[in-house]
Amino acid sequence: MAKRPQPRFPEPHTEHFWEGAQQGELRYQRCNEDCGDPVVFYPRHHCPDCGSDDLDWHVSKGEGTVYTFSVVRQNRMPGFIDLGAYSVAYIDLDEGFRMMSSVVGVDDPTTEIQIGQRVRVEFEEQEEGDYPIPVFRPIEED
Amino acid sequence: MAQERQAAIVGIHEYPLRVAPGVSAMNVKVDSIRAALDDAGLKWSDIDAIYDAQDGEAGGGLQLAAYLGLRPTVLDTTQVGGSSYEFQAAHAMRDIAAGKCNVAVLSYGSTSASNRVAIGTGGRGGPATWATNMETPYGATLIANYAMVKQRHMFEYGTTDEQFAGISVATRHHAMRNPEAVKAMTDLQFVGVNEITPQDVLDSRIVADPLHLLECCMISDGGGAVIIASAEVARNCKKPPVWLIGAGEATKYRENGGDITTSAGAQSGPIAFGEAGVSPDEIDIAMIYDSFTITVAVCLEDLGFCPKGEIGAYVEGGRLAFDSGEGPALNTDGGGLSSNHPGMRGIFLLLEGARQLRGESTSQVPDAKLAVAHGNGGLLGGTHTGGTVILAKD
């Protein structure tokens, strides 16, 4: 089982996002003002486009596209030392937000991950801690 | 040129060692300040402005003034990672032009190598924040952040590993002519202290795809100091002044739908070149923060040396070497890749830029007149800063 570091609390901005992860929901915010860029992510108390604090939480369908990625071959941080090569990626979710995550479920991350690949979220249980971590798995195309 | 010439670099010193066990970062700072003052022909009590990136054991400008025993009229503690010194040089320019001070000191000291700090491959510590809580679970090392930019650049523009490797080849070419860089690579136990080929870079192991080991900077001890003075003071210094004629500052960060291959330099560069009244094609010396090859590639594009996405073709053929006859010459001291990177390299960009415009470089470009120093702080691809300073020969 994975041993990723857990989010730490109290941290008021991200609390609702991580409560969502516990319920299998990938949550993001939208600004209710009619501003130019209403999708807000990472979680905040204001809209970085217009400054409004009138935000609502929404649940993403969890599907998106790999914008870019790297495969980390060396990380001295506990929890990653024994993992072998693993991916780090930016995923563009279909609702319009970009999040850092990892693409999992491939035999060889150095050859089986591509920019533009379609991926779907899953919530990876961790060996320790209460928060499953949202990661992404390639969508099997028909 | 109609630009203002109100502030100049008048004294410089680069701490000679990259492995200095038993020496404190504060020792490195103070030794460098003393040597830079001597280089300028100024004395300790002439300093009336301190710019400090909150490095060293003392922890900040407040403590540094006490440690040095000075009562500056300007105390600036700008800390924006590796670009801190370009930001500070910009602020010193402004403060001197405004009459707030006459002799400004910038200093840096670090013992990253002796303390075995895993800058690129260690964990990212610190308190939980709105941003760290969203990223820490994924194990994105510092290098991975830069690697993701290279990956996207290769995808979007077709830039090749061989083209990126040309940046490492050029800086190593310069490093082999710089005795301090050769000693650095020797002391840090580089495998092969010699000129390298693009194939050597491609054959080195991958640290985080698609970045190879020889595309990554070293982790060293070291530091230095820069003295910036008013025109009036500069005229009476020992060495010819190196004028600060333009500066720009910017920050950039992860945004929904944003372009990761464009850095803060796209904002800071035009401001600096505009203020200086010069264009990139006039620049002889490009001192660009080479934490990794991708950093140089993106920053050269963003500063306007070539259009976005065309860096591959631009660097092919070895134009970045000091003796290519084409220019600009890149990081003629050997850069962070092959000479000196204790964590915040920005000060070395100013130091080597000044050496070139004085005619003191070990890879001297004949009659170099203009240099750009561009620092990149933080994480390219994530939250980062860009500080651009244009330097001119007297």
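Predicted model: local features only at pLDDT ≥ 70, side-chain atom pairs only at ≥ 80, totals over all residues.

Me: What holds paired strands together?

Reply: The general idea is that strands of a sheet pair through backbone hydrogen bonds, either parallel or antiparallel. Here, an open sheet of three strands has the order β2-β1-β3 (chain A), with antiparallel pairing.

Me: Which are the edge strands of that sheet?

Reply: Look for strands that pair on one side only: these are β2 (39-40) and β3 (55-59) of chain A.

Me: What does strand β4 of chain A pair with?

Reply: Two partners are worth a look. β4(A) runs antiparallel to β7(A), and three bridges join them. In that pairing, Glu63(A) stands opposite Arg120(A) of β7(A). β4(A) also pairs in the antiparallel sense with strand β5 (residues 86-93) of chain A, this time over eight bridges. There, Thr65(A) has Asp92(A) of β5(A) opposite.

Me: Is β4(A) buried or exposed?

Reply: To judge this, count the neighbours: a residue is buried if 20 or more other C-beta atoms lie within 10 Å of its own, and exposed if 12 or fewer do. In strand β4 (residues 63-72) of chain A, eight of the ten residues are buried, so the strand is largely enclosed by the rest of the structure.

Me: And what about Gln114(A), buried or exposed?

Reply: Gln114(A) has 11 C-beta neighbours inside 10 Å, so this residue counts as exposed. You will find Gln114(A) in the loop between α2 (109-112) and β7 (118-124) of chain A.

Me: How is chain A divided into domains?

Reply: There are domain 1 (8-59) and domain 2 (61-126 + 133-142) of chain A. Their C-alpha centres lie 22 Å apart. Six residues from domain 1 of chain A and eight residues from domain 2 of chain A make the contact. On the domain 1 side, the touching residues divide into five nonpolar, one polar and no charged.

Me: How many residues of strand β7 of chain B are buried?

Reply: Ten of the ten residues of β7 (residues 221-230) of chain B are buried, so this strand is largely enclosed by the rest of the structure. Now look at its partners. β7(B) runs antiparallel to strand β1 (residues 7-14) of chain B, with seven bridges joining them; Gly11(B) has Ile227(B) as its bridge partner in β7(B). Nine bridges join β7(B) to strand β4 (residues 103-111) of chain B, also antiparallel, and here the bridge partner of Gly109(B) is Gly223(B).

Me: How do I read the way two helices pack?

Reply: Look at the angle between their axes and how far apart those axes are. Helix α6 (residues 161-175) of chain B packs against helix α11 (residues 293-303) of chain B at an angle of about 100°, with the axes 9 Å apart. α6(B) and α11(B) are therefore roughly perpendicular to each other. Phe164(B), Ile167(B) and Ser168(B) of α6(B) make the contact with Thr293(B), Ile294(B), Val296(B) and Ala297(B) of α11(B). These residues divide into five nonpolar, two polar and no charged.

Me: Finally, how many residues of the two chains are in contact?

Reply: 31 residues of chain B are in contact with 37 residues of chain A. On the chain B side, α5(B) gives the most, with six residues. That side of chain B divides into 16 nonpolar, eleven polar and four charged residues.

Technical notes:
Residues numbered from 1 in each chain as written. Chains lettered and ligands numbered in written order. Contact = placed C-beta atoms within 7 Å. Helix = DSSP H or I, 4+ residues; strand = E, 2+ residues; numbered from the N terminus. Nonpolar A, V, L, I, M, F, W, Y, C, P; charged D, E, K, R; others polar. Axes fitted to C-alpha atoms, helices over the stretch in contact; angles between N-to-C directions. Parallel < 35°, antiparallel > 145°, perpendicular 65-115°, else oblique. Domains from an automatic or database assignment. Pairing = 2+ DSSP bridges.
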